[in-house]
Amino acid sequence: MITSSGILEELTACIRVLNHEGHSPATSTNYSFRDENNRIWVTRSGIDKSQIQLSDFIAIHLDGEPLPPYQHLPPSAETGIHCALYEFFPETKVILHSHELHSVVITSGREGISFEGYELQKAFTGVNTHEGKITVPVIPNSQDMNTIKQALLQRFDELKFGVFMIEKHGFYTWGSSVFEAKRLLEAFSYLCRAEVLLNR
């Protein structure tokens, strides 16, 4: 039984909303939270996010290995990314992932995406004006999660806005609550859509 002050229920409801909005087509994307006992709970592999249930989360070690009694259930193939973000940002409690179409298209051939002059830039921590520019890193896609972790380490200083992108794959946001991570995801998705529309 997961005792996590309602975060499991809140996150599960959030995932259904994100699926409805196009962030998790097919069985893509993965989500996680860290409970008060410092255990990580991540969505298991291959589930339909429109039908996600509380029981679709499994507990894992910080190294990504499933904890009892979940050893027979495969966690998401990208569990290593979650483990890396919890390691890099100890205050993180929730990690969200999106495959929203515009955010995938905009990454092609890019090392970073910059936004300038948008009011919604103020959704990001530490940003209090539309003036100025924010840049989010794009790292190459890989099936090796350690390769992605090393790429994130090399560009650690660029992760200050709580979001990063993987080329032709999608993006991750993280925060101290479902509310914060979802705010970042919605703002970033909006900015990607705006850029695609402006530059088509």
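Here is a short tour of the model, stop by stop, with something to select at each one.

Before you click, note that this is a predicted model, in which local features need pLDDT of at least 70, side-chain atom pairs count only at pLDDT 80 or more, and totals for chains, interfaces and linings use all residues. Residues are numbered from 1 along each chain as its sequence is written, and side-chain values use heavy atoms, with hydrogens and water left out.

**Stop 1: helix α5**

Select residues 178–198, which make up helix α5. Helices here are DSSP runs of H or I with at least four residues, strands are runs of E with at least two, and both are numbered from the N terminus. The 21 residues of α5 reach 30 Å from first C-alpha to last, close to the 30 Å expected at 1.5 Å a residue; the expected span is 1.5 Å times one less than the number of residues.

Now colour the buried residues of α5, including Leu184, Leu185, Phe188, Leu191 and Cys192. Buried means under 20% relative accessible area, exposed over 50%, and partly exposed in between, with a 1.4 Å probe and protein chains only. Glu180 and Glu195 are on the buried list too.

(A salt bridge is a side-chain nitrogen of Lys or Arg within 4 Å of a carboxyl oxygen of Asp or Glu.) The two residues sit four apart in the helix, about one turn. Glu186 is partly exposed at 34% relative accessibility, and Lys182 is partly exposed at 23%.

**Stop 2**

How many salt bridges does a search of the whole structure find? It finds six. Pick Lys149 and Glu87 next: their closest N and O atoms are 2.9 Å apart. Lys149 lies in helix α4 (residues 145–154) and Glu87 in helix α2 (residues 79–88), so this pair ties together parts that are 62 residues apart in sequence. Another one to show is Glu158 with Arg155, at 2.9 Å, N to O. Glu158 is partly exposed, with a relative accessible area of 29%.

**Stop 3: aromatic rings**

Show the Phe, Tyr and Trp rings (the six-membered ring for Trp); they pair if their centres lie within 6.5 Å, with planes under 30 degrees apart called stacked, over 60 edge-to-face and the rest tilted. The count comes to 12 aromatic pairs. Zoom in on Phe33 and Phe57, an edge-to-face pair at 5.9 Å centre to centre, with 65° between the planes. Phe33 is in strand β1 (residues 32–34) and Phe57 in strand β3 (residues 57–60), 24 residues apart. Phe33 is buried at 0% relative accessibility, and Phe57 is buried at 1%.

Move on to Phe115 and Tyr118, also edge-to-face, at 6.4 Å and 70°. Both are buried. Then select Phe88, Phe89, Phe156, Phe164, Tyr172 and Trp174 together to see one aromatic cluster.

**Stop 4: strand β5**

Which residues of β5 (residues 112–116) are on the covered face? Ile113 and Phe115 are, while Gly112, Ser114 and Glu116 make up the uncovered one. In a regular strand the side chains alternate between the two faces of the sheet.

Phe115 has Ile134 as its bridge partner in β6.

Finish on Gly112, partly exposed at 23% relative accessibility. Not counting residues up to four places away in sequence, Gly112 touches Val136, Pro137 and Val138, where contact means heavy atoms within 4.5 Å.

Notes:
Pairing = 2+ DSSP bridges.
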